[in-house]
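Student: I've got a two-chain model to go through. Could we talk about how its helices pack and what spaces it leaves?

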Amino acid sequence: MDIVGKRRIFLTISGILMLLSIIFIAVFGLRQSIEFTGGSNLQVVATNGKTIDTNRLKNLIESQGIKVISVTKNTATDVIIRMETISDEKKNQILSSANKSEFSLEEKTFDTLGPVIGQETQINSLKAVGIAIAAITLYIALAFRKVSRPVSSWKFGISAIIALIHDVVIVLGAFSLFGVLFGVEIDTLFITAILTIMGFSVHDTIVVFDRIRENLLKNVHNYTFAKVVNNSFNETLVRSLNTSITVIVVLLSLLIFGGESIRWFIAAFLIGIAIGTYSSIFIASAILVEWYEFDKRGIKIGKYFKPANLKK
Amino acid sequence: MQRARIFIILTFIVSLILLVLDLPGKIDFRSVKIPFIENEKKIADFVYDPANISIPLGNFIIQKDLSYRLGLDLQGGTQLTYKVIMDDVEPDLRDDAYESSRNIIERRINLLGVSEPVIQTLKVGDEYRIIVDLPGVSNVSQAIDLIGQTAQLTFWEGDGTPVASQSGNTNPLYLVMGQLIGSNPVPTDLTGKDLQNASVVFDQTSGKPQVQIQFTNEGGRKFSEITKRNLGQIVAIALDNQVISAPVVQSEIVNGTAVISGNFTPDEAKGLSIALNGGALPAPLEVIAQKTVGPSLGIDSLQKSLFAALIGLASIIFFMVYIYKKEGFIAAVALAIYTIIVLFIFKLIPVTLTLAGIAGFILSIGMAVDANILIFERMKEELRRGKPRDIAIKNGFSRAWTSIRDSNITSIITTIILFYFGTGMVRGFALTLFIGIIVSMFSAITITKNMLLIFENKENIKKK
């Protein structure tokens with residue numbers, strides 16, 4: 001399969017996906033959990049099995065002077081109330097007053113976070129992602145330093161990072177959409193998923209690049225750069241797919257059988273790994289080749305390969 | 001080949017031992033009997049209890065609790081994050097105040113009877129924070145009240161100024177005391193520091209709970225002087241900003257014991273005695289974050305994730321055997337051994353398992369398979385080029401190793417970053433993933449390789 005020849009198509013698809021994601025994020029934004037904004041989340045179940053009237057519950061709480069941000073339904077009898085930061089005592093007051101009136105509620109979980117911690121978490125998350133990107137770029141450049149021709153080792157690193165950023169942006173875009181459709185929030189677990197996806201996505205990319213490196217160093221048949229990349233891709237395709245399938249199978253079982261609190265965490269992973277595999281196979285190498293071709297146009301051939309080595 | 005064989009046999013034996021150690025809960029070997037042997041002898045005469053492992057080694061005994069540690073989200077409980085308000089504490093005394101706050105909290109929690117609490121100190125910028133994990137706590141409000149209470153016990157007497165209806169002081173404590181002992185209450189030098197011990201007793205006649213306190217020698221002396229001075233008058237006992245008792249002194253008390261009777265519920269009395277025994281906090285605390293998981297949700301999550309892990313493992317094994325057939329079976333066995341080793345490491349360190357942590361473990365299983373796949377694919381390539389099987393295996397390994405190493409290192413980098421920046425759940429995930437990746441590299445290189453070598457040899461021998 002000639003992916004290198006068809007690379008324009010894949011780059012275009014990715015470009016569109018990224019554009020869509022950026023639009024979603026700009027328009028809908030990302031719904032942040034209380035871990036980033038501060039506030040309180042109270043999850044209650046109706047012990048009498050009756051559907052909870054979310055409007056009346058909201059009014060009840062607000063009548064006690066507490067600002068309610070949203071009341072979301074997990075099921076008809078399982079509801080999450082998001083409000084401004086309140087103390088444990090106040091929460092107990094809410095529950096007892098609700099149970100004195102028409103409700104019969106039992107607390108399932110209660111999280112409360114002051115706003116200062118929220119800001120901290122935001123900054124820490126951004127720092128973590130930034131450092132991860134820097135560390136990975138550095139590592140790849142180091143690992144591939146022996147391959148300076150015809151493409152410098154930095155190009156390997158940066159191509160991998162571009163593929164990685166592509167993955168992260170698309171996952172963010174997807175979750176921006178999910179935030180609107182399903183009310184999903186971004187929390188620290190989501191950031192964890194993003195960071196792990198970054199690790200995995202690069203993992204895949206490296207296997208392909210590793211093969212490219214090997215073939216370049218040998219280059220017995222004096223193929224062009226594009227052809228070397230294409231061959232490497234074909235050789236590693238089976239392995240990439242198999243690995244991704246095993247991880248996806250495991251994640252699917254977690255998604256279906258796992259607990260509800262990590263459901264979206266796993267969903268983020270699934271999307272991330274699927275996109276990550278796609279980008280490692282189709283995008284990372286495409287970027288590498290595009291870059292090489294782009295550079296070549298402006299510079300004499302002699303700088304990269306000796307004329308005798310290059311077959312066009 | 002000999003080396004490979006020995007290695008594999010050793011590995012199997014160790015794995016079997018670890019498998020037994022991996023099991024949750026107790027196993028009573030005394031009830032396991034060998035059938036058909038006369039008198040049905042027992043296999044062994046002891047009970048294996050993972051929570052109490054002790055191995056005698058000459059003069060030493062290694063004692064370890066090898067039960068699984070479960071995070072709050074799997075067993076239910078509360079996590080409270082406190083900030084120590086250091087505004088009234090001198091800067092150079094702050095570190096001491098921080099440490100003693102932590103110790104006092106720990107004492108109070110232990111007295112409350114919480115099993116396996118975790119108390120961590122975490123300084124963020126200028127903020128002195130203490131994070132308390134209380135697993136399985138059903139009465140969260142009581143715990144919060146108890147931990148957060150400064151618990152400064154003070155004794156006050158009147159100085160003779162008569163009780164006035166208005167007092168110049170707007171402090172609610174003084175207002176209340178003003179009505180009891182006169183508008184100029186004087187703090188005595190007797191405080192909670194002079195306490196030796198506090199306990200809950202029940203009044204003989206009314207059955208109401210009370211707190212009995214035992215003073216130190218010095219405290220006893222002070223107390224006898226106070227009671228002598230205030231015979232027939234009220235002495236006010238205050239805890240922080242509240243008067244909790246205002247008894248009339250009946251007689252001079254020289255035995256250094258006193259009973260505080262207010263309108264206590266049994267829980268309040270218990271809380272008070274714990275707070276007094278633990279000591280007063282040097283600085284007040286404020287709750288800045290709280291996370292509570294109900295116990296039913298916890299158990300539910302645990303069961304679900306274990307089931308998911310099982311299904312995941314089974315699917316991978318099925319997949320590997322289907323695609324790679326004989327080698328796939330070897331990889332499946334290596335994977336099973338891998339799982340056993342990782343679980344044992346979780347017990348040993350110990351790693352507190354959270355939902356995310358289990359997810360990390362399951363993910364690492366997927367990645368462990370990856371290493372095997374890389375090796376097999378390389379092997380197939382070598383075979384396609386016509387190399388004999390044993391060379392194909394060796395080459396497959398050496399070629400694949402650079403890929404495995406480089407790709408796993410990036411994942412390891414992200415787990416280290418996650419561990420450094422994360423808290424709680426995130427850290428659990430980073431740790432399990434990290435351990436999983438390291439062990440998977442080990443298992444692919446050593447176990448898979450040696451098993452392949454053995455089976456190859458057997459095949460060659462059969463052919464000849």
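This is a predicted model: local features need pLDDT of at least 70, side-chain atom pairs count only at pLDDT 80 or more; totals for chains, interfaces and linings use all residues.

Tutor: Residues are numbered from 1 along each chain as its sequence is written, chains are lettered from A and ligands numbered from 1 in the order in which they are written, and side-chain values use heavy atoms, with hydrogens and water left out.

Student: How are helix 8 of chain A and helix 8 of chain B oriented to each other?

Tutor: Helices here are DSSP runs (H or I, at least four residues), numbered from the N terminus. Axes are lines fitted to C-alpha atoms over the stretch in contact, with angles running from 0 to 180 degrees between N-to-C directions. The axes of helix 8 (residues 225-257) of chain A and helix 8 (residues 295-348) of chain B come within 8 Å and cross at roughly 155°. Angles over 145 degrees count as roughly antiparallel, so the two helices are roughly antiparallel.

Student: Which element gives the largest share of the lining of the largest cavity?

Tutor: A cavity is a set of points on a 1 Å grid over the protein atoms alone where a 1.4 Å probe fits but cannot get out, and lining residues have an atom within 4 Å of a point. The largest cavity is lined by 14 residues, with Phe200(A), Asp204(A), Ser244(A), Val247(A) and Ile273(A) nearest its centre. Among the elements giving two or more residues are helix 9 (263-298) of chain A and helix 9 (355-384) of chain B. The largest share, five residues, comes from helix 7 of chain A.

Definitions and conventions: Angles under 35 degrees count as roughly parallel, over 145 as roughly antiparallel, 65 to 115 as roughly perpendicular and the rest as oblique. On a 1 Å grid over the protein atoms alone, a cavity is a set of points where a 1.4 Å probe fits but cannot get out, and a pocket is an open set with protein on both sides within 12 Å along at least five of seven lines; lining residues have an atom within 4 Å of a point.
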